[in-house]
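My notes follow the structure.

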Amino acid sequence: MSEISAEQVAHLANLARIALTEEEIEHLTTELGQIMQAVEKVSEVATPDVVPTSHPIPLHNPLREDVPTDVLSVEQALSGAPEHDGTRFVVSAILGEEQ
Amino acid sequence: MSDLIRLSAADLAAKLASGEVSSVEATKAHLDRIAAVDGAVHAFLHVNAEALETAADVDRRRAAGEELGPLAGVPIAVKDVLVTKGMPSTSGSRILEGWIPPYDATPVRKVREAGMVPLGKTNMDEFAMGSSTEHSAYGPTHNPWDLDRIPGGSGGGSAAAVAAFEAPLALGSDTGGSIRQPAHVTGTVGTKPTYGGVSRYGSIALASSLDQIGPVSRTVLDAALLHDVIAGHDPHDQTSIPDAWPSMAEAVRRADVSGLRIGVVKELDSDGFQAGVRQRFHESLELLAANGAEIVEVSAPNFEYAIAAYYLILPAEASSNLAKFDSVRFGLRVVPEGGGTVEEVMAATREAGFGPEVKRRIILGTYALSAGYYDAYYGSAQKVRTLVQQDFDAAFAKVDVLATPTAPTTAFKLGEKLHDPLSMYLNDVATIPANLAGVPGISVPAGLAPEDGLPVGIQFLAPAREDARLYNVGGALEALLVDRWGGPLLAQAPDLSTHELMATEEGVV
């Protein structure tokens, strides 16, 4: 499989919304390459005839009546927010100047 | 040291029930112990200011003749991964510093309803990513057996708290061994229940298909008593199993291994494990055999791929779960200089709020899930998961439980593996297969490794839903070993008050 480049790590950091520093990107590029090399071992046995398992215990989708139960109040839901106006979360601009 | 803190939870509960001791006295004794030794151990991130008030309330209810549960009045420490109403919950991360959740996690609610007294929140690797607690944003926890060594992880705080007699019981979470490996290196007991056996509601998710909440204790009976309190169906957790559970405490009380078939996984009984770890493992098996168990060798050829699969599945699920830390609804918000869009604020917040291991795993998971790589990485890892399950199925067709050493080595030195992620990941080689397959596991003290005098655990694994088998074999082995040792293993642990003084003099703490 492909080598991981610093540009790729920078792209992944952007996708993951983490403003990594240049130094962090450099470190992670090396580490990620080593870790991926180790975990690629899975391909040795993951042959096409093996069925994937997403969940360890087989379960059915539990459904319930669509009625409100013990949910948080607005006040409780906002209690940990860095900024709110009493009824809603407050965020900064969604679009930047160039958008 | 007060005798009250040396008691098992079961013995303390008996004294509370008989009125010989009050919950206020028991809680005060543990708070005093925390004040005396936690500066050196650092098991706690937060101590509950309302603990004595809660204890007094239980005492009042008992005096009024109210019928209380078997652990009512017994203090308990809570891993910081579980959200707690009125107590800060950080999951070991800077990004949640100071956050006080508006609700209780289900296991916490159950513990409170059982009349137990939360003492505080215990330290952990950030978002449970690690095997040493060194990845906590608030500094590492120290192993009570040797303060220069790791207490295991991610739940090193909970394990160290019970090992240092700061709490008789604790709650932990186990995604790849975070309850069992700390038990192994601290000479304590820890159980990962069957996946879905205990509700994950209010547990700050690491990898949702692997996470499980479970008990941490000094004795097998205590773990079983706590397991009985926290287990059971919860409609708030879609993966919660609706089955009724038998009493785990009864399984310990009736422990009997005669005729029990114990499978030794030959792939996990190799030169890769420290000599003293293997020695104590085999002595434990001989003891069980001498008491009627049948020891059988079994093979699990795909276990060697489990770590690789785990380090694809875990980061993938974690990168998705940790997207919720967006600087909007809770926790830290860092605004870049001169302001920024909501995305720029989010990126700056996550850069400042996450530690190096969390960033490493988020980037790794984002990579494993990216278009073009998904099938090769995440898809292949899910296939390995099937193969590991098939190995378990084949083994459990021949034996009742499996046995392995819990981890490859005794506690290593703080700092020793901090900058070598791959070597840190290898700690979980024996514990990860259970999480991939959803089966339950327990680690029970097996002795001290002769070469370094540090604790060693033995792990038992059972088929899904057969958690009671773990308590049967664990309880039986514990009784045999305590008899051989002439007392519990932790009686051989260094006297922490002396240790603390020495460490302080040397400038370690």
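These entries go from the whole chain to single residues and then to the chain contact.

**Ground rules.** I am working with a predicted model, where local features need pLDDT of at least 70 and side-chain atom pairs count only at pLDDT 80 or more, while totals for chains, interfaces and linings use all residues. Residues are numbered from 1 along each chain as its sequence is written, and chains are lettered from A and ligands numbered from 1 in the order in which they are written.

**Chain B overall.** I looked up the secondary structure and found 17 helices and eleven strands in chain B. Helices (H or I, at least four residues) and strands (E, at least two) are DSSP runs, numbered from the N terminus. The radius of gyration is 22 Å, close to the 23 Å of the globule rule for 509 residues, so chain B is as compact as a globular protein of that length. That radius is taken over C-alpha atoms, and the rule is 2.2 Å times the number of residues to the power 0.38. The C-alpha trace of chain B spans about 65 × 55 × 50 Å along its principal axes.

**Burial and core.** I noted that 64% of the 509 residues in chain B are buried. Buried means 20 or more other C-beta atoms within 10 Å of the residue's own, exposed means 12 or fewer, and partly exposed is in between, with C-beta atoms placed from the backbone. The largest nonpolar core has 189 residues, and Ile76(B), Ala309(B), Leu312(B) and Val401(B) touch the most other members. Helix α10 (residues 306-321) of chain B gives this core its largest share, eleven residues. A nonpolar core is a set of buried Ala, Val, Leu, Ile, Met, Phe, Trp, Tyr and Cys residues joined through C-beta atoms within 7 Å.

**Annotated site.** Which residues does the UniProt annotation "active site" cover? The unreviewed entry lists Lys79(B), Ser154(B) and Ser178(B). They span 100 residues in sequence, yet no two of their C-alpha atoms are more than 10.8 Å apart, so they gather at one spot. I keep in mind that UniProt positions are given in the numbering used here, feature names are shortened, and annotations may be inferred rather than shown by experiment.

I checked both serines. Ser154(B) sits in the loop between β3 (117-122) and α5 (156-163) of chain B. Ser178(B) sits in the loop between β4 (169-173) and α6 (180-186) of chain B. Buried or exposed? Ser154(B) is buried, because 35 other C-beta atoms lie within 10 Å. Ser178(B) is buried too, with 35 other C-beta atoms within 10 Å. Beyond four places in sequence, the contacts of Ser154(B) include Met124(B), Asp125(B) and Ser178(B). Contact means C-beta atoms, placed from the backbone, within 7 Å.

**A loop glycine.** Gly232(B) lies in the loop between α7 (220-230) and α8 (248-253) of chain B. It counts as partly exposed, because it has 17 C-beta neighbours inside 10 Å.

Note on methods:
Contact = placed C-beta atoms within 7 Å.
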